[in-house]
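Hi,

Here is the structure I promised to pass on. Have a look at it first, and then read my notes below.

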Amino acid sequence: MKNLALGMALLATCVGWGATLTNLVVHSAKMEKDVPVTLVLPEGYAEGTARYPSIWVLHGAGGSGAKKAGEKIIGQMVDKYGFIAVCPDGGVTSWWLDSPIDPKFQYETFVAQEALPAVDAKFRTIPDRTKRAIMGGSMGGHGACYLGIRHKDLFGVIGNIYGGVDLVPWSGNWDIARRLGPRDQFPERWEEHSVLNVAKTLKNGEVDLISVLGTEDFFLGCNRQLHELLSNNGVAHTYIEVRAPSTIKSVHGKFYAQGAEIALRFIQNYFVDGYGHLGDVDAR
């Protein structure tokens, strides 16, 4: 275990590799509550003065920042590449947006305006969009694309792992109606908050994006739509479908570690070379 002398109340524990798990509480003025943020720091962080790229890792529905930070793949990749993983807690089903009907679910503002500056002020991140990424799976994939596209000044690269990039077809699922209101009453809200709509504003070269998903995933269709939209608009991006056995109805969830490894390879190359790709990757 490494003790971090950061002048704040932090709980630090080893995650089984060289990386260290650290908890931070960020007060959200907009939501009027404290929100936990869990960070995974690379080996040697406590003893050194170096600054590191950061990757904001958003959890899916039913998850939490602490659970995401504790996943084996995150610790392994922090060890391998030497970045800081920032895992905010987004509530069970926030969808990482500012709810127009629930003041306690304002998670776009929390990430972009409250948690991000707090983390950059207290940890040795490199506070530049070219050294800051955002990624996630499922609800977190939606959040990564939604926040990454809307806040291109903060994030240079996006990793989308089987993200729910279109909210409209899922009116009865995952509390989306509790965040936006019933779809039949507020159809414009469902459109406005879907990545498929937000992505229409994206221009080529504004942000790097990789989408990775399995061929049997229930979000496959909307990710193909996003791929087609970006292609038709001339927006360069990377899109990968990994074939799943025909006996598996969905690889959703089970595919995360494989998808995250691909996305993080892409992101690391962006940090090193200035553009995302899946060629030979440099560790720290």
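Let me start with a question: which backbone nitrogen lies 3.3 Å from a polar atom of the side chain of Asp-166? It belongs to Val-168. Before I go on, please keep in mind that this is a predicted model.

You'll find it in the loop that runs between strand 7 (157-161) and helix 5 (176-180). Asp-166 is buried but has no salt bridge; the nearest side chain of opposite charge is that of Arg-183, 8.1 Å away. Leaving aside residues up to four places away in sequence, Asp-166 touches Ser-194, Leu-196, Cys-222 and Gln-225.

Now for the charges that do pair up. Side chains of opposite charge can pair when their charged atoms come close. There are seven salt bridges in the structure, and I'll go through some of them here.

- Asp-120 and Arg-132 form one, with the closest N and O atoms 2.6 Å apart. This pair links distant parts of the chain, as Asp-120 is in helix 3 and Arg-132 in strand 6 (residues 132-137), twelve residues apart. Both Asp-120 and Arg-132 are buried.
- Asp-102 pairs with Arg-179, and here the closest N and O atoms are 3.9 Å apart. Asp-102 sits in the loop between strand 5 and helix 3 (107-122) while Arg-179 is in helix 5, so the bridge ties together parts that are 77 residues apart in sequence. Arg-179 counts as buried, at 4% relative accessibility.
- Lys-68 pairs with Glu-71, at 3.2 Å between the closest N and O atoms. Lys-68 is buried at 8% relative accessibility, whereas Glu-71 is partly exposed, with a relative accessible area of 27%.

Elsewhere, the charged end of Arg-124 sits over the ring of Tyr-45, at 4.0 Å from its centre.

On to the rings themselves. A search of the whole structure turns up 13 aromatic pairs. One of them is Trp-174 with Phe-218, which is stacked, at 5.9 Å centre to centre and with 20 degrees between the planes. The two come from distant parts of the chain, 44 residues apart: Trp-174 is in the loop between strand 7 and helix 5, and Phe-218 is in the loop between strand 8 (208-214) and helix 8 (220-232). Trp-174 is partly exposed, with a relative accessible area of 30%, and Phe-218 is partly exposed as well, at 36%. Both belong to one aromatic cluster, together with Trp-95, Trp-170 and Phe-219.

Next, helix 2 (residues 72-81). Which of its residues are buried? They are Ile-73, Ile-74, Gly-75, Met-77, Val-78 and Tyr-81. Their cover includes strand 3 (33-41), strand 4 (54-58), helix 1 (65-69), strand 5 (84-88) and helix 9 (256-273).

Last, a look at Gly-62, in the loop between strand 4 and helix 1. Gly-62 counts as partly exposed, at 47% relative accessibility. Apart from residues up to four places away in sequence, Gly-62 touches Lys-67 and Val-92. Gly-62 and Ser-94 are 32 residues apart in sequence, and their C-alpha atoms are 9.8 Å apart in space.

Cheers

Technical notes: Residues numbered from 1 in each chain as written. Predicted model: local features only at pLDDT ≥ 70, side-chain atom pairs only at ≥ 80, totals over all residues. Heavy atoms only, no water. Helix = DSSP H or I, 4+ residues; strand = E, 2+ residues; numbered from the N terminus. Buried < 20%, exposed > 50% of the residue type's maximum accessible area, 1.4 Å probe, protein only. Lys, Arg positive; Asp, Glu negative; His and termini not counted. Salt bridge = Lys/Arg side-chain N within 4 Å of Asp/Glu carboxyl O. Polar contact = N/O pair within 3.5 Å; in protein donor to acceptor, adjacent residues only side chain to side chain. Contact = heavy atoms within 4.5 Å. Phe/Tyr/Trp six-rings, centres within 6.5 Å; stacked < 30°, edge-to-face > 60°. Lys NZ or Arg CZ within 6 Å of the ring centre and 35° of its normal.
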